[in-house]
Amino acid sequence: MDSLPDAIVQYVLSHMKNARDVAVCNCVSKRWKESIPYLKSLYFPRNSFDNQSCDNSPDDIVLKMIYSIVCLEELVVYTPFSKAGLDSWLMLAGSTLKHLELRMDNLADYQGCLENPSKLDCISRAKNLESLKLWGVLMVSSPKWDVFHKLQNVEIVGARLEDPALSTALRACPNLTNLLLLGCEGVRSVSIELPHLEQCKLDFYGLGNCSLSVSCPKIQFLEVQGCSWIRVQETNCLRNLSISNNAGRVYMVDFGKLVALESLTLRGVQWCWDAISKMLYWASEVKHLYMKVEFTGDFDTLQPFPEVDFVEFFNNHPKLQKFDIHGAMFAALCQKNSLKNVESGFVIPCLEEVVVTVRSPLNAEQKMSTLESLLKYGKNLKTMVIRILQMKSSHSSSDDFFDEICRFRCMNRKIVRIE
């Protein structure tokens with residue numbers, strides 16, 4: 001290092017992030033110390049101030065390190081901090097910061113949330129942010145933010161939110177292209193209107209009864225968990241869609257024709273059949289379909305899927321390449337009359353991979369017939385994976401059914417495997 005020009009030394013050291021490494025390098029030599037102002041990033045891990053021996057507070061140490069840097073672009077703080085500390089940091093470096101990540105840890109601090117300004121309010125000093133990530137956030141009052149014109153990425157993980165506060169925060173970020181809300185609770189009704197949003201992942205924790213409205217003309221990737229009523233307008237660019245509800249029911253969906261959709265995932269304990277049938281109808285161009293919905297039925301009534309016509313289903317999804325089906329949907333395709341309308345010349349033109357999860361020996365004959373039909377009519381089928389969950393029935397029919405599947409695999413070992 002001693003033989004390198006100053007510019008090279010500064011370039012190498014500028015890639016340091018960890019605050020402890022920066023502090024150590026500051027003590028190595030005068031030459032290394034003079035390179036510290038050219039750092040672009042600072043990262044303070046959770047344990048940064050464990051076993052601290054100096055008298056300065058963590059807030060003051062962070063401030064001192066920020067002060068020594070000419071143009072700080074990225075600040076990541078996982079260690080605890082105060083509102084006054086955050087305000088002083090952003091007053092100093094807010095104009096140059098592009099990426100800010102904070103572990104807020106204030107989920108139970110209702111009093112602190114009501115302070116004026118609050119920790120969230122302080123973030124408004126970083127007017128040129130391009131990316132904002134927050135962990136453990138209490139957002140029950142609307143943050144006093146100006147508009148972040150350059151902000152393109154917002155990620156909030158582990159939050160307690162109120163609807164008006166979330167709406168205010170989103171309005172302050174009109175140019176977002178990526179939005180992630182993960183493990184958020186307290187939300188009842190969410191409306192997202194962002195003209196440039198391309199990727200959106202929403203995970204709402206609780207009873208699974210949220211309502212969601214999305215109006216984002218450029219949306220390409222949408223993943224939703226925990227909503228019962230979902231309306232998405234302007235879906236011409238939507239390529240990947242995932243809807244799940246692990247705690248509640250999916251009652252209503254409104255998407256319109258999904259002309260660009262390539263991948264569709266439907267998960268949950270219970271969906272109204274109207275919602276499932278609409279999604280399958282709109283997603284006629286889909287290439288990858290994953291279905292793991294246990295029951296249908298309205299309100300508290302749990303019902304099995306109605307019969308699904310095998311030929312009609314695949315005729316309505318001619319581009320389907322990968323089909324991953326769990327128990328209920330597979331059983332619906334295996335009903336007595338599902339294969340009665342097979343026409344001469346019928347083929348499944350694009351199907352290459354099928355993953356079938358079987359959990360019951362009921363209707364074993366029809367299930368075997370459906371597996372054979374997938375193999376027979378899927379002219380381009382390369383892989384069929386049969387996953388057998390622990391059969392609930394102790395009857396000998398379980399063993400017989402398993403024997404039939406093993407025999408089927410042996411006869412088609414190049415394509416079929418059992419997991």
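Let's start in a loop: Glu234 sits between β11 (227–233) and β12 (240–250), where helices (H or I, at least four residues) and strands (E, at least two) are DSSP runs, numbered from the N terminus. Keep in mind that this is a predicted model, in which local features need pLDDT of at least 70, side-chain atom pairs count only at pLDDT 80 or more, and totals for chains, interfaces and linings use all residues. Residues are numbered from 1 along each chain as its sequence is written, and side-chain values use heavy atoms, with hydrogens and water left out.

Glu234 isn't a glycine, yet its phi is positive, about 55°. Most residues other than glycine have a negative phi. Glu234 is also partly exposed, its relative accessible area being 43%; on this scale buried means under 20% relative accessible area, exposed over 50%, and partly exposed in between (1.4 Å probe, protein chains only). You'll find Asn363 in the loop between β17 (353–358) and α12 (364–377), and at 42% relative accessibility it counts as partly exposed.

Now zoom out. The protein has 13 helices and 19 strands. Its radius of gyration is 28 Å, well over the 22 Å that the globule rule gives for 419 residues, so the protein is more spread out than a compact globule. That radius is taken over C-alpha atoms, and the rule is 2.2 Å times the number of residues to the power 0.38. Along the principal axes, the C-alpha atoms fill a box of roughly 80 × 55 × 40 Å.

What about the inside and the surface? Of the 419 residues, 47% count as buried. The protein exposes about 20400 Å², and carbon and sulfur atoms supply 50% of that; the areas come from the Shrake-Rupley method with a 1.4 Å probe, and for residues only the protein chains shown count as cover. As for charge, there are 46 positive and 48 negative side chains, with the centres of the two sets 3 Å apart. Lys and Arg count as positive and Asp and Glu as negative, while His and the chain ends are not counted; each charge is placed at NZ of Lys, CZ of Arg, CG of Asp or CD of Glu.

In soluble globular proteins, nonpolar side chains tend to be buried together. Here the largest nonpolar core has 128 residues, and those with the most contacts inside it are Ile192, Phe255 and Met279. Such a core is a set of buried Ala, Val, Leu, Ile, Met, Phe, Trp, Tyr and Cys residues joined through side-chain atoms within 4.5 Å. Leaving aside neighbours within four places in sequence, Ile192 is in contact with residues including Leu170, Leu179, Leu202 and Val214, contact meaning heavy atoms within 4.5 Å. Across the protein, 56% of contacts between residues at least 6 apart in sequence join residues at least 24 apart.

Next, strand β9 (residues 210–215), which holds Ser211. At 23% relative accessibility, Ser211 counts as partly exposed. Beyond residues up to four places away in sequence, Ser211 touches Arg188, Ser189, Val190 and Trp229. Ser211 and Ser191 are 20 residues apart in sequence and 8.5 Å apart in space, C-alpha to C-alpha.

Pro143 lies between β4 (131–139) and β5 (153–161) and is buried, with a relative accessible area of 6%. Not counting residues up to four places away in sequence, Pro143 touches Leu120, Asp121, Ala165, Thr168 and Ala169.

Gly94, in the loop between α5 (83–93) and β3 (99–103), is buried at 0% relative accessibility. With neighbours within four places set aside, Gly94 is in contact with Trp89, Arg125, Ala126, Lys127 and Asn128.

Finally, Cys71 is in the loop between α4 (58–67) and β2 (74–77), and counts as partly exposed at 27% relative accessibility. Cys71 touches Pro37, Leu39, Lys40 and Thr96, again not counting residues up to four places away in sequence. From Cys71 to Glu404, 333 residues apart along the chain, the C-alpha separation is 69 Å.
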